[in-house]
Amino acid sequence: MSRLTFPRHVRVRRRAEFTACYERGRRYHTEHFLLFVLPREHVGDCTRTGMAVSRKVGNAVVRNRVKRLLREFFRLHSDLLPVHADLVAVAKRHTGGDALDLSRVTAEFLPLLRRIARRGRAAEACD
């Protein structure tokens, strides 16, 4: 399998999985996105990512561009993603109006992923 694809087993796909992330996951805010992180019970499971971009963000072209940018960020920075967790990125309403590019998405998510990693190491130290 190519490293450039997102196979089914690394994606959050079902409504119940998204709902579980929204209800039980930890919420992190950035300027353009909400990121929900839900640790997975099964240790053998890999990190899965999902995204939600509503029609309030913009037309189909804008929504697809936002999703492509998110997928590319997650693909390029898969080594920084928390292990054994579900991540769901939700685009905020004003995301489509701004000139969003990959560097801006990276600037928002990299500090957030580092903060999540530090929090995860602190939780492991307490166990």
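The following legends describe an overview and several close-up views of one predicted model.

The structure is a predicted model, in which local features need pLDDT of at least 70 and side-chain atom pairs count only at pLDDT 80 or more, while totals for chains, interfaces and linings use all residues. Residues are numbered from 1 along each chain as its sequence is written, and side-chain values use heavy atoms, with hydrogens and water left out.

**Figure 1. Overview of the chain.** The chain contains three helices and four strands, where helices (H or I, at least four residues) and strands (E, at least two) are DSSP runs numbered from the N terminus. Along the sequence these elements follow the pattern α-β-β-β-α-β-α. Of the 127 residues in the chain, 41% are buried; buried stands for under 20% relative accessible area, exposed for over 50%, and partly exposed for values in between (1.4 Å probe, protein chains only). The chain exposes about 7,900 Å², of which carbon and sulfur atoms supply 53%; accessible areas come from the Shrake-Rupley method with a 1.4 Å probe, and for residues only the protein chains shown count as cover. Among contacts (heavy atoms within 4.5 Å) in the chain between residues at least 6 apart in sequence, 80% join residues at least 24 apart.

**Figure 2. The four-stranded sheet.** Four strands form an open sheet in the order β1-β2-β4-β3, with mixed pairing; two strands pair if DSSP finds at least two bridges between them. Strands β1 and β3 (48–52) stand at the edges with a single partner strand each, so one side of each has no neighbour in the sheet. On average, neighbouring strands of this sheet are turned by 20° against each other, direction ignored; the axes are lines fitted to C-alpha atoms, for helices over the stretch in contact, and angles run from 0 to 180 degrees between N-to-C directions.

**Figure 3. Strand β2 and its two partners.** Strand β2 comprises residues 33–39, and six of its seven residues are buried. Strand β1 (residues 26–29) pairs with β2 in the antiparallel sense over four bridges, and the two strands form a hairpin with three residues between them. Within this pairing, Y28 stands opposite L35 and H29 stands opposite L34. Strands β2 and β4 also pair in the antiparallel sense, over seven bridges.

**Figure 4. The nonpolar cores.** A nonpolar core is a set of buried Ala, Val, Leu, Ile, Met, Phe, Trp, Tyr and Cys residues joined through side-chain atoms within 4.5 Å. The largest nonpolar core has 24 residues, of which F33, L35, V66, L70, L87, V105 and F109 touch the most other members. Elements β2, α2, β4 and α3 each supply at least two residues of this core, and the largest share, six residues, comes from α3. Leaving aside neighbours within four places in sequence, V66 is in contact with F33, V53, V57, A91, T95 and L100. A second, separate core of nine residues includes A20, C21, L38 and V90.

**Figure 5. The surroundings of K92.** K92 is located in the loop between β4 and α3 (102–126). With a relative accessible area of 26%, K92 is partly exposed. Not counting residues up to four places away in sequence, K92 touches H29, T30, E31, H32, F33, L34 and V57. The C-alpha atoms of K92 and A52 are 9.5 Å apart in space, although the two residues are 40 residues apart in sequence.

Figure 6. H84 lies in the loop between α2 (60–76) and β4 (85–91). This residue, H84, has a positive phi of about 60° although it is not a glycine. The relative accessibility of H84 is 27%, and H84 therefore counts as partly exposed. S54 lies in the loop between β3 and α2 and is likewise partly exposed, at 36% relative accessibility. From C-alpha to C-alpha, S54 and V90 are 8.4 Å apart in space, with 36 residues as their separation in sequence.

Figure 7. A disulfide is a covalent bond between the sulfur atoms of two cysteines. The structure holds zero disulfides, a disulfide being counted as a pair of cysteine sulfur atoms within 2.5 Å. C21 is buried, at 0% relative accessibility, whereas C46 is partly exposed, with a relative accessible area of 31%.
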